[in-house]
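Subject: Structure for you to look at

Hello,

Here is the structure I said I would pass on. My notes on it follow below.

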Amino acid sequence: MLPLVLLLVAGDTSAYWQQQVAYEITASLDEPSGVLTGHVRISYVNRSPDTLRDFYVHQYLNAFRPGSRWTAADSAEQRERFQHLKDPDYAFERITSATVMGQALRPDYPYAPDSTIAHWTLPRSLVPGDSLAVDIDWLARLSTLPRRQGRRGRRFDFAQWYPKVVVYDRYGWEDHPLYPGGEFYGEFATYDVMLELAQDQVIGATGVPVEGDPGWETAKVDPALRIDYQRDWYHAPRTTHQCGEVAAGRKCVRFRAEQVHHFAFSLNPAYVYEQGRYGDAVVRVLYQPGDRATWGQGIAVRNTVVALAWLDSLFGKYQWPQLTNVHRIEGGGTEFPMMIMNGSASLGLIVHETGHQYVMGQLANNEWREGWLDEGFSDFQEGWLLETHGGPPAYDGLEPDVLLLDLERWSEPVSTVSERFRDFLIYQEMVYAKAQLFYEQLRYVVGDETMRRILRVYFSRWKLKHVDEDAFRRVAEEVSKQDLKWLFGEWLHATPLIDYRLRRVERHRLADGRWRTVVTVERKGDGRMPVEIGERNTIYARATGEPATERVEFTTAKKPGRLMLDPRGRAHDYDMLNNREKRPFVGRAAVGWRLDDPTRETAKRDKLVSAWLPVAWSNDLGGVTLGLRNRTNYLGRYERGMLLASVATGSGAAGRLGFYGRWSNPIRHLMPRTQSSVAAWDVEGRAGVALSVDRALRQHLGFGPDPHVGFDALWMATTDLAYVDRRLWDDAGTVEAGPWASIKMRRGATLLRARLGARGGIVYANPGPGIVSSSRYDIEGFGRFTGAASMRTPFLLGTTLGVRLFGGAYAGASDPVRQRRIPVAGADPYETFTDPFLRSRGALFLRPDFFYHAPGNANLRGFRSDLGGRWALSANIELTRAVWRRDQGILREVALEAFTDRALVDTLAVPSNTLGQRFTLLFDAGVGLVTRHQIRDLDWTMRFELPLIVNRYNEAADVRVGRGQLAFRWLLSLSPSF
């Protein structure tokens with residue numbers, strides 16, 4: 001057994017090589033200007049089999065300034081960070097002189113105007129085994145806007161601050177500008193760094209302090225603490241002092257680090273120091289004086305030790321002498337060899353960033369080419385730790401979100417090079433979340449114990465080396481004794497969808513009393529995973545998941561109950577509604593029955609949720625109407641249904657029973673980024689059917705325009721005029737259909753919206769008894785066209801300006817029936833039909849003494865809702881000023897509002913006062929109070945408005961004898977005005 005273990009640990013790394021690099025850095029920081037002046041001697045030995053003719057270094061700080069590729073990516077994705085920073089706020093790294101192989105040479109910048117890569121052509125070729133020396137003088141400054149580095153007052157987080165040798169590996173020179181997506185890649189090297197600083201500065205850094213005072217003695221919390229400086233860790237010749245004399249008020253501190261690929265440090269004269277240990281590694285924590293409750297009292301030290309202990313159990317012994325954890329300026333966290341800079345001391349963040357000491361640090365992947373090898377890996381180990389400490393499996397919270405990205409086709413192959421992802425949001429979702437899910441799937445395929453052995457062999461073989469996908473996959477295949485190319489291929493290089501259906505179950509009782517069960521599994525998706533077969537908490541067998549149809553047989557002592565595929569939900573099967581054994585009257589799906597919560601919709605991964613809620617409303621004919629509403633969904637987006645059955649209790653109602661149903665987005669007919677629905681109804685004197693398709697055309701999830709196109713088809717007819725408000729409805733029906741398009745976009749703090757719609761069809765109307773027939777219908781064709789555009793933008797004195805423009809027209813030989821006119825005041829009857837408080841005569845919001853505004857169309861809120869004609873052109877203008885805001889509770893915001901609405905309408909809507917004039921001018925103006933509310937996931941806006949001025953006051957919503965243009969009027973709404 002031992003020889004086998006040694007063979008696995010040793011593996012085949014005989015062909016592996018990496019370059020040999022050493023840095024000797026001296027640098028001095030001038031705090032008032034924030035500028036660091038430095039000199040570095042780089043010693044470089046070519047261990048590759050290739051002859052080198054070029055030499056490259058990174059100047060990463062130049063990303064955090066105008067003109068870089070980083071800022072170009074920010075601008076393209078509408079992020080405002082470094083592109084408009086002025087001197088002295090932006091970062092820079094400027095080479096002032098350089099000597100390469102003894103010759104003074106100026107660098108060129110192959111990616112100009114980006115200057116994060118500097119290049120020299122070598123004076124002579126560097127053959128395998130040969131060496132060179134490069135001397136560089138440079139100036140560096142951090143940015144005042146922190147991002148992976150930064151400065152604020154006397155606090156400095158120095159990262160990627162010196163000319164850093166570009167990696168030369170089997171792909172060649174990895175000269176790659178720095179983008180927001182993707183991080184770093186460096187050669188393992190020895191660092192000898194001498195820093196001249198202000199005397200009172202406290203420093204945390206990569207490596208160990210071999211000379212000088214880092215300031216820990218005066219910063220330590222416990223006066224009795226004996227600080228372990230580890231000055232002799234590397235057996236460095238520290239007796240040869242290099243610091244020399246410094247000016248008064250200054251000090252020199254020299255650090256040494258070996259077998260690391262970066263050197264970072266953080267300065268703050270107010271740092272507080274605490275210390276701990278895990279094994280041979282010293283844990284150093286530096287935090288702010290105000291952090292005692294969250295970082296101090298050993299909290300950050302304990303969390304860092306917990307992280308190291310966990311990672312030791314997963315991978316193996318930590319190879320470096322110490323780990324420094326500092327409270328950085330920026331939130332979140334960033335990792336460097338022997339150092340993590342964190343925005344908090346939470347266990348999850350510390351475990352994640354400490355995980356990078358292994359994945360990225362000692363197992364040094366190329367972070368921009370294969371970021372999933374460290375970010376997703378560290379998320380995975382973090383989730384596994386929390387699970388082992390009693391938390392829920394990370395898989396359960398992670399997988400549904402990734403699945404929705406897969407189903408909507410936002411996912412891209414995880415192995416995509418960082419800056420080639422669609423955008424930064426998708427980069428993060430793929431490299432962190434979906435990559436974490438890949439490791440969870442690998443763990444599921446091979447099992448927990450084998451996964452642990454894979455990690456330990458991977459670390460033993462590849463620690464302190466550069467790693468890539470092939471290195472990790474080969475270890476995983478050797479240890480698991482499985483061919484895993486399919487798993488790596490599907491999860492890293494493709495975006496397949498996985499779906500299995502339980503087709504058939506056959507049970508046979510054997511002569512000895514046991515049961516033989518044969519399960520037929522049908523593969524319906526283009527991806528595959530092993531699929532467990534079981535019931536509740538019992539797993540009986542596992543299908544390979546590879547064939548299109550697979551029969552799996554197993555024997556049990558007792559007759560199995562209702563069987564299910566993937567009962568633990570680990571196969572990433574997108575449709576689990578077909579995973580169960582079919583039963584009479586039940587089918588395959590499982591249904592979770594529950595009382596509906598209007599403030600939060602529950603979704604299940606493996607069940608259809610069916611939520612029921614009793615409801616009630618009233619109107620003049622039906623009286624009090626009792627209803628039972630049912631809402632269904634799968635995954636919160638699919639199999640969405642809404643059924644509402646009602647019964648009117650009023651004595652005068654002829655048709656007491658009502659029905660409304662809508663069904664959308666069937667999971668078995670996936671249409672990415674598309675909402676499709678069918679609805680049917682027969683309720684309160686109206687019957688109809690509707691079909692709707694809404695296709696999202698947006699190219700980016702996190703920014704950019706959100707255009708949609710769609711198509712609607714509708715039949716609506718009146719069946720009982722006793723229910724309807726005859727001011728809004730004629731005895732008529734329409735069959736109509738047509739396309740629409742909309743767009744929403746943000747430009748900074750400005751929100752823009754627009755929508756165009758066109759419908760054509762036939763209208764059939766009963767004009768009343770005729771000479772020949774007592775009841776006839778007139779039929780004719782018509783067209784109806786609407787368009788609206790709106791803007792909300794910050795304005796003067798903290799106000800928000802809102803402007804909306806609308807145009808609508810009806811085309812037909814006859815005047816439009818009332819329900820298809822272009823309304824003056826708000827939404828038309830078809831748009832309000834699904835709301836029982838606005839549907840029928842005498843409903844709460846249609847009462848003549850209640851002035852409710854349902855926004856839409858010309859949107860003149862001061863006028864009657866029954867006004868409408870053939871056409872209308874309008875403008876709505878609002879000015880709002882928030883006077884109170886908070887992030888919790890039901891009431892979230894209170895704002896004062898002033899508004900005016902103006903329109904030109906045809907004389908069918910409102911007759912003109914001027915003889916022969918074919919249009920009528922309408923306007924209103926007033927003030928209001930706008931409040932925003934939220935209960936859990938349910939949010940709404942309420943408007944209480946006073947349209948004090950209405951020019952045609954006899955057409956006002958609140959019209960009373962004796963009123964004039966200027967009068968007290970009011971209205972209420974539960975929706976934004978636009």
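Is Cys 252 buried or exposed? Its relative accessibility is 12%, and buried means under 20%, so Cys 252 counts as buried. Please keep in mind that this is a predicted model.

Cys 252 is bonded to Cys 243: the two form a disulfide, with 2.1 Å between their sulfur atoms. A search of the whole structure finds 1 disulfide. The torsion about the S-S bond of Cys 243 and Cys 252 is about -70°, so this disulfide is left-handed. Cys 243 is buried as well, at a relative accessible area of 16%.

Next, helix H5, which covers residues 347–355. Of its 9 residues, 8 are buried, so the helix is mostly covered. The buried residues include Leu 349, Ile 350 and Val 351, and also His 352 and Glu 353.

Last, the second largest pocket. About 690 Å³ of space lies in this pocket. Its lining has 27 residues, and those nearest the centre are Arg 792, Thr 800, Thr 880, Glu 893 and Pro 976. Strands S40 (750–765), S41 (778–794), S45 (871–885), S46 (891–906), S47 (919–935) and S48 (938–950) each give two or more residues to the lining. By class, 10 of the lining residues are charged, 9 nonpolar and 8 polar.

Regards

Terms used: Residues are numbered from 1 along each chain as its sequence is written. This is a predicted model: local features need pLDDT of at least 70, side-chain atom pairs count only at pLDDT 80 or more; totals for chains, interfaces and linings use all residues. Side-chain values use heavy atoms; hydrogens and water are left out. On a 1 Å grid over the protein atoms alone, a cavity is a set of points where a 1.4 Å probe fits but cannot get out, and a pocket is an open set with protein on both sides within 12 Å along at least five of seven lines; lining residues have an atom within 4 Å of a point. Grid points are joined across faces, edges and corners, and a volume is the space filled by probe spheres set on the points. Helices (H or I, at least four residues) and strands (E, at least two) are DSSP runs, numbered from the N terminus. Ala, Val, Leu, Ile, Met, Phe, Trp, Tyr, Cys and Pro count as nonpolar, Asp, Glu, Lys and Arg as charged, and the others, Gly among them, as polar. A disulfide is a pair of cysteine sulfur atoms within 2.5 Å. Buried means under 20% relative accessible area, exposed over 50%, partly exposed in between (1.4 Å probe, protein chains only).
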